[in-house]
Amino acid sequence: MEYSLPRLTRAWTHLSRQRGGAAGTRGEGETQLEVDRRMVQNRINQLKKELIEVSKHRVVQRAKRERSTVPLAAIVGYTNVGKSSLLNALSGASVFVEDKLFATLDPTTKAISISENKPLIITDTVGFIRKLPHNLVEAFKSTLEEVVVADFIIHILDISNPSVEQHFKTTVALLKELESLDKPTITVFNKIDKFEDSIGRARLKALYPDSIFISVKTGEGIDLLLQKLKDTADRDSLTMHLKIPSEKSELISKIYRLGKVIGIKYENESALISVRMPKIYKKIFTDYSA
Ligand SMILES: Nc1nc2c(ncn2[C@@H]2O[C@H](COP(=O)(O)OP(=O)(O)OP(=O)(O)O)[C@@H](O)[C@H]2O)c(=O)[nH]1
Ligand SMILES: [Mg+2]
């Protein structure tokens, strides 16, 4: 609309036809073109207001999730590989968590229960592509931030796409940019219903031994993925209570970088910190257990 506004001269006949004789909307002395401009400008203003509301809502939701101790997984991958389909399949395959905390999650985020009393929040992201146009990076930022705050990553690929290995590299490069490469990652090859090449499949299995092969369409392998999610959530993230003396305060920023700080308070020259962190980092802080 911002693009079209200065170009309305030539388009106004079309607009007025579309509006179909809305007589009376024209203010005194206003030409048709002025009316059209005013209408477009009003629409732009309205959409901008709505966008601000959307991003406010997302910030609030994200802040809530960051504070919560529920593990958070982000589904990432090249565009069109089946990320959104997978999110729907996962939330369909498991019991929805009835909890006030999750009642207002935005549509791209679902809370599932991977086993008794073990909720997991899963969030969809925008499809990664090879060369993200620079002016779009800003627009995608809020969805990419979901990756930054995630406890672990579900990296999904379309096995039936001949460029699957290129897609793998593209996503890994973006994860690296988001400093999320060292998070526990589950590699998932989707659309096996469309891929009959058993040698090709064996080759991928050899290249990515921890990967899982699924079809969101037929449901094959979804149970394996759920099991893997459960294992990863159990195994790879834990809550630690640390006591950092003031002379080691440089560790605090490291804790913030590696984990999700749940609480922090200062007491007698020390910081007492509760943090959820991938298990792999636990050893760094063994000397500081509170
Ligand atoms: N044959 C087959 N098609 C699938 C499977 N999973 C998803 N699809 C189809 O793949 C297409 C893309 O699925 P989406 O879930 O929208 O993919 P996405 O990764 O969310 O796409 P973007 O959000 O655009 O990046 C849809 O037409 C799905 O129906 C599968 O297991 N097998
Ligand atoms: Mg999608």
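**Entry 1: contacts and overall make-up**

I began with the contacts. Among those in the protein with a separation of 6 or more, 67% join residues 24 or more positions apart. I kept in mind that this is a predicted model. Next I looked up the secondary structure and found eight helices and nine strands in the protein. Then I checked burial. Of the 290 residues, 27% count as buried.

**Entry 2: confidence**

I turned to pLDDT. The protein has a mean of 80, and 78% of its residues reach 70 or more. Where is confidence lowest, and where is it highest? I found the lowest mean, 53, in helix α1, residues 8–19. The highest, 97, belongs to strand β5, residues 185–190.

I also noted two stretches where pLDDT stays under 50. One covers residues 16–21, and the model gives that stretch one contact beyond four places in sequence. The other covers residues 95–104, with 11 contacts beyond four places in sequence. Where pLDDT is low, the predicted coordinates should not be read in detail. I left both stretches there.

**Entry 3: a sheet of three strands**

I traced an open sheet next. Its three strands run in the order β7-β9-β8, and the pairing is antiparallel. Why do β7 and β8 each have one side without a neighbour in the sheet? Both stand at the edges, β7 at 237–245 and β8 at 260–267, and each has a single partner strand, so one side of each is left without a neighbour. I took down the twist as well: it averages 15° from one strand to the next.

I then followed β8 into strand β9, residues 270–278. The two pair over seven bridges in the antiparallel sense. I picked out one bridge by residue: E267 has S270, in β9, as its partner.

Which helix packs on this sheet? I found helix α8, residues 250–258, touching β7, β8 and β9. The direction of α8 makes about 25° with that of β9.

I finished with the ligand.

I sorted the shell by class last.

Technical notes
Residues are numbered from 1 along each chain as its sequence is written. Chains are lettered from A and ligands numbered from 1 in the order in which they are written. This is a predicted model: local features need pLDDT of at least 70, side-chain atom pairs count only at pLDDT 80 or more; totals for chains, interfaces and linings use all residues. pLDDT is the predictor's confidence in each residue, from 0 to 100. Helices (H or I, at least four residues) and strands (E, at least two) are DSSP runs, numbered from the N terminus. Two residues are in contact if their C-beta atoms, placed from the backbone, lie within 7 Å. Two strands pair if DSSP finds at least two bridges between them. Axes are lines fitted to C-alpha atoms, for helices over the stretch in contact, and angles run from 0 to 180 degrees between N-to-C directions. A residue is buried if 20 or more other C-beta atoms lie within 10 Å of its own, exposed if 12 or fewer, and partly exposed in between; C-beta atoms are placed from the backbone.
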